Amino acid sequence: AAKAAGRDRLVLFEPALQQEAQERLALLADLRLALDAGQLEMHYQPQIELASGRLVGFEALMRWRHPKRGMVPPAVFIPLAEDGGLIVAMGAWALQVACRDAARWPGELRVAVNVSALQFERSPIELHVLGALESSGLAAERLEIELTESAVLKEAHHAIDLLTRLRALGVRIALDDFGTGFSSLAYLRRLPLDQIKIDRAFIADLDHPHAGGTARAIVSAIHDLAHALGLHTVAEGIETAEQQQVLAELGCGLGQGFLFARPLPRDATQAFVELAHREGLAAAREAQHGRGPA
Ligand code: C2E
Ligand code: MG
Ligand code: MG
Ligand code: MG
């Protein structure tokens, strides 16, 4: 009976799997053309100093405006770009565009660019960073590279060397989605980092009626750890005023999330920056909320 069921299952699932594989291949074929066709864009989400409400910079987030499917989320096309060998070219492009856009922002505003594990391991990332800084004229201190724990963990020695060289240029390094990976504390201590980004999952639970206490303990522990290592903390995915309040009480330095602003297209970012510069963050947020989510 088990065998028959197994066979039935195959019959049921095979066409679905095949269709999914074909769908992926079709999307990858489209993605191969996307960069040259100008379908990729960088959007920017504000990062705020929680105690003062000051705008400190933006995280650059890639978007794919597919001609037929509309906006394809990075959770779909970044893994595809990695599998299809496109991530290196796309990553180099992201660095160029983000640095060029940030160079137009006033003041000391920073830009944080995500770099995936494959890019970090296989590409001349250092040359790409230098090229982007040179062609944009952006000061190295205004660029931050975001890496996940898995990217850094795979090849520890390579990672430490590379991060050390990038920091020697003046570039800042942030560890993204912290708390979701498995880095040992001993290892974390050896990494040349500036900042830890506390994963959104913990922030989302902060004002949860049941999970709130545990989430608060975890965020507090991460914050203390970062402090002991001399690192700054960024809370990701702040959506409510209650979450912001708890984070401020815990002493978390920076935050980003839909509460402040969604990722904005380049022109809206430029407008946001200029308004925040002239009239303060509240005015920029107000103008943004009035316009609705991008
Ligand atoms: P990430 O680096 O952790 O980026 C934060 C994600 O959280 C973004 O999703 C952002 O839009 C979302 N987010 C921000 N605030 C909130 C909030 O308050 N609530 C909720 N629910 N979400 C919030 P996005 O833009 O879809 O990007 C997803 C992931 O794709 C990123 O996670 C990053 O790992 C990857 N990614 C995005 N752009 C790039 C890129 O240029 N290069 C590479 N290698 N990866 C990228
Ligand atoms: Mg990130
Ligand atoms: Mg993150
Ligand atoms: Mg993430």
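This is a predicted model: local features need pLDDT of at least 70, side-chain atom pairs count only at pLDDT 80 or more; totals for chains, interfaces and linings use all residues.
Residues count from 1 along each chain as its sequence is written, chains are lettered from A and ligands numbered from 1 in written order. Local features need pLDDT of at least 70, side-chain atom pairs need pLDDT 80 or more, totals for chains, interfaces and linings use all residues, and side-chain values use heavy atoms, without hydrogens and water.

Colleague: How many residues surround ligand 1?
Modeller: A residue is near if one of its heavy atoms lies within 4 Å. Arg63, Asn114, Asp176, Glu239 and Phe258 are the closest.

Colleague: How much of ligand 1 does the protein bury?
Modeller: Areas come from the Shrake-Rupley method with a 1.4 Å probe. Taken alone, ligand 1 exposes 810 Å². The buried share is 82%.

Colleague: Which element gives the most to the shell around ligand 1?
Modeller: Helices (H or I, at least four residues) and strands (E, at least two) are DSSP runs, numbered from the N terminus. Strand 1 (40-49), strand 2 (54-66), helix 2 (74-83) and strand 6 (172-178) each give two or more residues. The top contributor, with four residues, is strand 2.

Colleague: Which protein donors hold the magnesium ion (ligand 2)?
Modeller: Donors are N, O and S atoms within 2.8 Å of the metal (3.2 Å for Na, K and Ca); water is not among the atoms, so sites may look incomplete. Here they lie 2.0 to 2.2 Å away. Asn114 is in strand 4 (residues 110-114) and Glu146 in strand 5 (residues 143-148), so this pair ties together parts 32 residues apart in sequence. The donors are Glu59 (OE), Asn114 (OD1), Glu146 (OE) and Asp176 (OD).

Colleague: Which residue bridges the magnesium ion (ligand 3) and the magnesium ion (ligand 2)?
Modeller: The ligand 3 ion is coordinated at 2.0 to 2.6 Å, with Asp177 (OD) and Glu236 (OE) among its donors. The two ions are 3.9 Å apart. The bridge is Asp176.
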